[in-house]
Amino acid sequence: MPTTASGKRPVPGATGTPLADIDSFRDALVQLIDSTRRHLHIYSQHLPHALYGEPAIVQKLSDFARSSRYARVQILITDSEPVLRRPHPLLPVLQRLGSRIALKKIQPSTEPSDWEFALGDTTQALLRADHDKWQGHYHSDNPVRVRQLQEVFAQAWLHARPDPELRQFVL
């Protein structure tokens, strides 16, 4: 394996695969879900329909949640208004699989963030860097980056609450 200028071997997947359009994000998300075994974390502004509302992605999330009694999906959103304005295809799945898929809204008092990412187990990360364009990276094997993002997710999850307006759709 080649080394960097410092003489160290690069970490596999450390730079990630660049993504530049919605199709590459869909493909990367499918790959992430397919190779995740236990924990899937999604941190999103409002679960864009173009990605998380795609029927194939909704089915993959449903299949993953039912794949094992240990499989869990945790979703954090910062804004539920777009999800409510145009009902999201993921809401019926949340209703059916509420014990395996949880959705919470980050509280307004929490520091604002424009982060968007999905994490699969302890090694995979899908990051969206530009919210106006579909640009980002997919890391198939980057446990260090995933651990950093899991800490961000865990802290936000602690302070997040189920959205009362979404609860009527999920109950």
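## Packing of helix α6

The buried residues of α6 pack against β2 (39-44), β3 (72-77), β4 (101-105), β5 (117-120) and β6 (124-130). Contact here means heavy atoms within 4.5 Å. Helices (H or I, at least four residues) and strands (E, at least two) are DSSP runs, numbered from the N terminus. The model is a predicted one, in which local features need pLDDT of at least 70 and side-chain atom pairs count only at pLDDT 80 or more, while totals for chains, interfaces and linings use all residues. Residues are numbered from 1 along each chain as its sequence is written, and side-chain values use heavy atoms, with hydrogens and water left out.

Helix α6 comprises 17 residues (143-159); at 1.5 Å a residue it should span 24 Å, and its end C-alpha atoms are 24 Å apart, which agrees. The expected span is 1.5 Å times one less than the number of residues in the helix. Val146, Leu149, Phe153, Ala156 and Trp157 are buried in α6. Viewed down the axis of α6, these buried residues fall within an arc of 100°, so they line one face of the helix. The arc is that of the directions from the helix axis to the C-beta atoms. Exposed residues Glu151 and Leu158 are carried on the face of α6 turned away from its buried side. A residue is buried at under 20% relative accessible area, exposed at over 50%, and partly exposed in between (1.4 Å probe, protein chains only).

Ala156, placed in helix α6, counts as buried at 8% relative accessibility. Leaving aside residues up to four places away in sequence, Ala156 touches Tyr43, Leu76 and Ile106. Ala156 and Lys105 are 51 residues apart in sequence, with their C-alpha atoms 9.2 Å apart in space.

## Overall architecture

The protein has seven helices and seven strands. Along the sequence they follow the pattern β-α-β-α-α-β-α-α-β-β-β-β-α-α. Of the 171 residues in the protein, 43% are buried. Among contacts with a separation of 6 or more, 77% come from residues 24 or more positions apart.

The accessible surface of the protein comes to about 9400 Å², and 52% of that surface belongs to carbon and sulfur atoms. Accessible areas come from the Shrake-Rupley method with a 1.4 Å probe; for residues, only the protein chains shown count as cover.

## Helix α3

Helix α3 (residues 55-66) has twelve residues and reaches 17 Å from its first C-alpha to its last, close to the 16 Å expected at 1.5 Å a residue. Its buried residues are Ile57, Val58, Leu61, Ser62, Phe64 and Ala65. Seen down the axis of α3, they fall within an arc of 165°, so they line one face of the helix. The packing partners of these buried residues are α1 (22-34), β2, α2 (49-52), β3, α5 (91-96) and β4.

Val58, found in helix α3, counts as buried at 9% relative accessibility. Its contacts, not counting residues up to four places away in sequence, are Tyr52, Gly53, Pro89, Leu90 and Val93. Val58 and Leu91 are 33 residues apart in sequence and 9.6 Å apart in space, C-alpha to C-alpha.

## Aromatic pairs and charges over rings

The structure holds four aromatic pairs. Tyr43 and Phe117 form a stacked pair, with 5.0 Å centre to centre and 20° between the planes. This pair links distant parts of the chain, as Tyr43 in strand β2 and Phe117 in strand β5 are 74 residues apart. Rings of Phe, Tyr and Trp (its six-membered ring) pair if their centres lie within 6.5 Å; planes under 30 degrees apart count as stacked, over 60 as edge-to-face and the rest as tilted. Tyr43 is buried, with a relative accessible area of 5%, and Phe117 counts as buried at 2% relative accessibility.

The rings of Tyr43 and Phe153 have centres 6.4 Å apart and planes at 65°, so this pair is edge-to-face. Tyr43 lies in strand β2 and Phe153 in helix α6, so the pair ties together parts that are 110 residues apart in sequence. Phe153 is buried, with a relative accessible area of 2%. Ring pairs link Tyr43, Phe117, Phe153 and Trp157 into a cluster. The charged end of Arg38 sits over the ring of Tyr70, 4.5 Å from its centre, and Arg128 lies over the face of Trp134, at 3.6 Å from the ring centre. A charge sits over a ring if NZ of Lys or CZ of Arg is within 6 Å of the ring centre and within 35 degrees of the ring normal.
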